[in-house]
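This briefing is for a reader who is new to the structure shown below.

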Amino acid sequence: MRILYRYLTGQMMAATAGAVAVLSLIIVLGNAFKQIFELLVNDELPISLIFKMVGLLIPQALTFTMPWGILVAALIVFGRMSQDLELQAIRAAGIGLVPLVAPVILFGLFLSAVCFYNNAVIVPLTLRKFKSVLLDIGRDNPAFLIRAGEAMDRFPGYRIYIGKKNGTDLTDINIWELDPNGVPRRNIRAEKGSLSADLDDLSLTITLQKARQEERGENAEDLNGIRAGLSADQLPLKISLRSFLNPDDMKDIRVAGLGDLTNRILSPVEGYVDPKQIYPMLTEMQKRISFALAPFTLLLVGIPLGIRVQRKETSVGVVISFFLVMAYYALILLAEGLKNRGGAYPELIVWLPNLVLQAYGFFLLWRANFQQS
């Protein structure tokens with residue numbers, strides 16, 4: 001039995017590690033592109049800093065890929081053993097299905113413990129560091145938000161074109177102020193300018209030299225109504241950076257550790273915690289604990305399904321795992337959508353995926369054991 005347990009556990013660990021590595025690579029690259037691409041707009045940031053920022057996103061990806069990875073591993077390993085008649089040989093030796101999978105279940109519980117520590121401690125810590133890196137970049141290099149050679153719409157209320165940029169010095173500047181519908185109301189032009197940032201005020205100031213302005217009439221879309229506006233030897237234009245670099249994000253419940261969340265819920269400090277945030281914080285705390293059980297839950301479902309699939313092809317396991325994971329996280333997203341509505345009990349809804357799938361998994365295991373008896 002010891003040799004069999006060592007063989008089965010080794011197969012599961014190797015398959016899980018491979019699946020988690022591949023899935024994490026896909027998710028991290030996608031998440032990094034989404035969160036970093038719009039910020040890393042020039043070559044002034046060192047490659048080491050880019051890798052650091054990508055690395056800080058890995059623990060967040062592991063929240064999803066560790067449960068998914070062990071599910072894929074169970075489908076592949078037990079599917080292969082069933083296809084190669086290894087399970088039948090083991091059963092013929094008088095070993096039942098439940099004793100056979102006992103070490104795999106223990107491995108799932110161990111991975112759940114790792115997930116709990118990752119969700120409770122590592123993910124909030126790395127998210128805080130990620131946001132801190134963004135603030136430091138803005139403080140040390142305000143020009144990283146400005147891209148030369150193309151029109152930029154990332155700043156609310158403005159469309160900006162910079163011909164060339166050398167550090168904080170700008171040339172060939174065109175700035176359009178937009179109305180709420182995105183229609184230009186005023187155009188400001190300047191041959192030269194400079195950049196500066198105020199992180200306390202969360203603003204970026206473009207100081208234009210010898211600026212010329214053009215105003216539009218009541219009908220902004222009527223180009224015949226354009227008229228010359230004021231000119232200035234020096235014109236500072238302040239642009240808000242709150243949509244990019246907000247220190248208040250450091251108080252976001254997503255970057256709070258589990259201990260901090262517990263303290264905020266049990267002993268809220270007036271002025272620091274909005275009473276309306278109690279339900280979202282409670283939901284966030286329960287979600288992290290519930291997520292920690294995801295490897296164990298999905299493993300319970302994956303073992304009997306892998307036995308029934310009876311195929312070695314990796315694609316089959318991946319497709320089945322995809323739909324199972326989507327079903328699992330659909331209920332989590334439902335709780336997320338209701339987190340501001342205490343009467344809907346979102347902190348309890350986050351436990352539904354585990355309760356439903358664990359019951360289903362135990363039923364499938366019982367049926368598989370009964371059918372092979």
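**Overview**

The protein has eleven helices and six strands. The model is predicted. Of the 373 residues in the protein, 47% are buried.

**Surface and contacts**

- The protein exposes about 19200 Å², and 60% of this area is supplied by carbon and sulfur atoms.
- Among contacts in the protein with a separation of 6 or more, 67% are between residues 24 or more positions apart.

- Strand E1 covers residues 151-152 and strand E2 covers residues 158-166; the two pair in the antiparallel sense over two bridges.
- In this pairing, Ala151 stands opposite Tyr161 in E2.
- The hairpin of E1 and E2 has five residues between the strands, and Gly157 in this hairpin takes a positive phi near 90°.
- Strand E2 also pairs with strand E3, residues 169-178, in the antiparallel sense and over eight bridges.
- Here Lys164 stands opposite Thr171 in E3.
- E2 and E3 form a hairpin as well, with two residues between them.
- Gly167, in the turn of that hairpin, has a positive phi of about 70°.
- As a general point, side chains in a regular strand alternate between the two faces of the sheet.

**Aromatic pairs**

- The count of aromatic pairs comes to two.
- One of them joins Phe64 and Phe291: the ring centres are 5.9 Å apart and the planes stand at 70°, so the pair is edge-to-face, the cut-off for that class being over 60 degrees.
- Phe64 lies in helix H3 (residues 58-83) and Phe291 in helix H7 (residues 278-292), so the pair ties together parts that are 227 residues apart in sequence.
- Phe64 counts as partly exposed because its relative accessibility is 33%, which falls between the limits of 20% and 50%.
- Phe291 counts as buried because its relative accessibility is 7%, and buried means under 20%.

**Asn354 in helix H11**

- Asn354 lies in helix H11, which covers residues 352-371.
- With a relative accessible area of 2%, Asn354 is buried.
- Leaving aside residues up to four places away in sequence, Asn354 touches Ser290, Leu293, Ala294, Thr297 and Tyr328.

How values were computed
Residues are numbered from 1 along each chain as its sequence is written. This is a predicted model: local features need pLDDT of at least 70, side-chain atom pairs count only at pLDDT 80 or more; totals for chains, interfaces and linings use all residues. Side-chain values use heavy atoms; hydrogens and water are left out. Two strands pair if DSSP finds at least two bridges between them. Helices (H or I, at least four residues) and strands (E, at least two) are DSSP runs, numbered from the N terminus. Rings of Phe, Tyr and Trp (its six-membered ring) pair if their centres lie within 6.5 Å; planes under 30 degrees apart count as stacked, over 60 as edge-to-face and the rest as tilted. Buried means under 20% relative accessible area, exposed over 50%, partly exposed in between (1.4 Å probe, protein chains only). Contact means heavy atoms within 4.5 Å. Accessible areas come from the Shrake-Rupley method with a 1.4 Å probe; for residues, only the protein chains shown count as cover.
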